[in-house]
Amino acid sequence: MRIGVIGLGSIGKRHVANLLELGHEVMGFDERITTEAWTAKGIGLLYNWKPEAVVICTPPASHAALAIEAMHHGCHCFIEKPIVHRGLESATVLAVAKSKGLHLAVGYQLRWQLDSVGFHADKDIVWECSQNMAEWPSQYQKDVLGEFSHEIDAAVFVNGPVEKLTARESVYGWVIQMRHLSCVSTILINPRATSYSRTASIGSQDIWTFSTDENDLAYKRELQAFLNVCQGQPWDERLCSGAEATHTVRIIEACRESMRECKVMAL
């Protein structure tokens, strides 16, 4: 397949390398080109090349516009998380994908590491993520929940949609409690930690620990599964759909409102 990659930061470069390893043709475009004329020329060259799918790896504020443009050119879309910057944008993105009959998936590769947790666990799980964001680009530091939405998506993937939640932020990070149909997920996010760790536990028992090697493989498996779907194979339930990713964005927005208003939020 011919695959366009928009955004050549660390994740974009990772996807380019994986796509080449998987045997696909790739054209990359770095949206950080500063002038509108050069950006328009680069995007024009990309779509003149007639890609069958586009992988979007830019900052979230540009996701909706880039995805809509790609789909208007007939391209299936894989968007790195979160699907959009603001929840209201997702309705248009999903509507265009449906009207064009195109496939849309969102990059939440932790799903591909969670075999030890299982699907639909229906158990109270605590998800913990610690990482130092101090050296990240400023636009990402301002959106802690968007950047750490992997744990939110993982909790929904395992225990189902969220009915209501509470969230608070302190100097130590975010504490989020989400009520599913028959259980509760607790998510602890520390963006100022001195060391990196990601875990899930039930009571005192650790049921999952992040693995760098498994994560490298997860990126490849996720992307290959998406391209398989684009070529007519069945949808893999580990792929994050546009609707599921939209639910995650709604959770993020509800967390911010819960923190601001100090109240329980219903979804």
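## A tour from hairpin to helix pair

Start with residues 192-202, strand β10, and residues 205-209, strand β11: the two pair in the antiparallel sense over four bridges. This is a predicted model. Select A200 next; W208 in β11 stands opposite. Now look at the turn. Two residues separate β10 from β11 in this hairpin.

Which strands form it, and in what order? Seven strands make an open sheet, running β11-β10-β6-β9-β8-β7-β13, with mixed pairing. The edges are β11 and β13 (265-266), each pairing on one side only.

Strand β7, residues 164-170, pairs with β13 in the antiparallel sense over two bridges. Click K164, and find A266 of β13 opposite.

Select residues 149-159 for helix α7, which touches β6 (125-132), β8 (173-179), β9 (184-190) and β10. The direction of α7 makes about 160° with that of β6. Then select residues 242-261: helix α9 lies across β7, β8 and β13, at about 60° to β7.

Last stop: a helix pair. Show α1 (residues 10-21) and α8 (residues 212-230). Their axes come within 10 Å and cross at roughly 65°, so α1 and α8 are roughly perpendicular to each other. The crossing is right-handed. Show side chains here. From α1, I11, R14, H15, N18, L19 and E21 meet D216, Y219, K220, L223 and L227 of α8. What kinds of residue make up this contact of α1 with α8? Five are nonpolar, two polar and four charged.

How values were computed. Residues are numbered from 1 along each chain as its sequence is written. This is a predicted model: local features need pLDDT of at least 70, side-chain atom pairs count only at pLDDT 80 or more; totals for chains, interfaces and linings use all residues. Side-chain values use heavy atoms; hydrogens and water are left out. Axes are lines fitted to C-alpha atoms, for helices over the stretch in contact, and angles run from 0 to 180 degrees between N-to-C directions. Angles under 35 degrees count as roughly parallel, over 145 as roughly antiparallel, 65 to 115 as roughly perpendicular and the rest as oblique. A crossing is left-handed if the near helix is turned anticlockwise from the far one by less than a right angle, and right-handed if clockwise. Contact means heavy atoms within 4.5 Å. Ala, Val, Leu, Ile, Met, Phe, Trp, Tyr, Cys and Pro count as nonpolar, Asp, Glu, Lys and Arg as charged, and the others, Gly among them, as polar. Two strands pair if DSSP finds at least two bridges between them.
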